[in-house]
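Please open the model in your viewer and keep the selection tool at hand.

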Amino acid sequence: MYKVLTDDEIPDNAGIAIEYNLPQTAKRVDFIISGYDEKQNSHAIIIELKQWESVEAIRWMDNIVRTYVAGAKRNVVHPSYQAWSYASIIQDYNRNVQMGDIALHPCAYLHNYHKVAPEVLESEQYQDVVESAPLFFRGDVPKLREFIKKYVKSGDDKKLLYEIDTGRIKPSKSLQNSIKSMLDGNQEFVMLDEQKVAYEQIQTTALKCAKDHKKCTNIVKGGPGTGKTVIAMNLLARLTNQELFVQYVTKNGTSRHVYEKKLTGHKKNRIHAMFRSSGQYTDAQENIVDVVLCDEAHRLTEKTQNGPVCKGENQIKELIKGSLCNVFFIDESQRVTLADIGSINQIRNWAEKLGSQVSVLE
């Protein structure tokens with residue numbers, strides 16, 4: 001990137017952030033450049049850097065490719081999708097970006113990758129996301145410079161980066177409207193009887209937590225077919241529309257993907273940040289999320305397996321610590337491996353240790 005930025009037309013006092021941590025996640029943006037255009041409009045360019053040298057398309061998965069990383073060939077997200085998703089998280093949850101009209105421009109730079117024709121990464125199945133976050137390859141330094149200079153004509157002395165870094169985490173109006181419209185009229189998510197009762201009680205508790213900033217833990221017991229996920233999806237929509245930062249959490253990656261698809265029906269969606277793995281809170285700041293909705297809480301584990309490495313101390317503890325209000329949907333009879341530790345007693349114990357008031361619903 002030093003070589004890319006060695007250009008007389010790129011201002012020396014443009015803001016530069018390296019390995020910028022997205023506050024509500026364990027993810028880091030490789031490189032951000034900030035500044036103003038000729039009309040003094042605010043811009044930030046988000047660059048995802050990749051050392052890849054080759055890649056394969058995965059035809060049956062949305063925005064997934066296969067490449068050699070961490071000592072083996074693995075399925076990973078398309079670099080344009082990664083850059084676009086990071087920009088979307090900042091846009092959708094950072095109040096200063098929303099109010100300050102800071103335009104975000106994601107892209108990906110594969111500096112070791114020789115582009116070929118036809119290029120796999122630019123094939124039709126990835127066209128949508130590549131349009132949102134263009135790709136630059138080895139030898140594309142002049143093109144990447146032009147992309148930067150299109151938006152950054154004068155420097156901001158890091159002012160815009162400071163605004164991004166200090167922005168309050170709140171869902172944007174467009175995100176609120178988007179998820180509300182997805183749920184409205186969708187019969188799959190209509191609540192019945194006890195589901196509606198539990199939903200109203202949890203909503204009331206969550207809003208009270210947000211108001212008085214006191215931690216609370218809700219445990220929802222129920223067997224298969226009792227509609228725990230229906231309650232969770234409705235809470236996700238309703239509380240987001242109350243301007244709370246809400247995340248749906250489950251260990252099961254397939255379940256997360258299914259509900260994202262059910263809500264959007266589109267492979268590139270803006271609600272991706274609302275869906276999280278139970279292992280993504282190992283380094284979360286205290287109360288960084290307003291509400292965590294943990295589905296299949298019986299499948300929680302102590303350590304989080306990250307490739308060959310185990311991280312964290314206890315997933316129940318990490319979820320309670322990282323959220324002001326947390327809701328655990330649980331069926332203790334559904335634990336399926338010895339590693340599953342999710343139980344009502346464990347949740348109670350950690351909630352008490354972390355000063356969170358417990359309520360149990362059936």
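Select Cys-216 first: its relative accessibility is 5%, so the residue counts as buried, where buried means under 20% relative accessible area, exposed over 50% and partly exposed in between, computed with a 1.4 Å probe on protein chains only. The model is predicted, so local features need pLDDT of at least 70 and side-chain atom pairs count only at pLDDT 80 or more, while totals for chains, interfaces and linings use all residues. Residues are numbered from 1 along each chain as its sequence is written, and side-chain values use heavy atoms, with hydrogens and water left out.

Next, display Cys-325. Cys-325 is buried, with 0% relative accessibility. Cys-107 is also buried, its relative accessible area being 0%.

Now turn to the sheet. Five strands make up an open sheet with mixed pairing, in the order 1-2-3-7-8; helices (H or I, at least four residues) and strands (E, at least two) are DSSP runs numbered from the N terminus, and two strands pair if DSSP finds at least two bridges between them. Strand 1 (15–21) and strand 8 (135–137) stand at the edges with a single partner strand each, so one side of each has no neighbour in the sheet. From one strand to the next, the twist averages 25°; axes are lines fitted to C-alpha atoms, for helices over the stretch in contact, and angles run from 0 to 180 degrees between N-to-C directions.

Select strand 7 (residues 103–110), which runs parallel to strand 8 and is joined to it by three bridges. Leu-110 has Phe-137 in strand 8 as its bridge partner.

Then show helix 5 (residues 141–151), which packs on the sheet and touches strands 2, 3, 7 and 8, at about 170° to strand 7; contact means heavy atoms within 4.5 Å. Helix 2 (residues 79–93) lies across strand 2 (28–36), strand 3 (42–50), strand 7 and strand 8, and runs at about 155° to strand 7.

Finish at helix 9 (residues 228–240), where 12 of the 13 residues are buried, including Met-233 and Leu-236.
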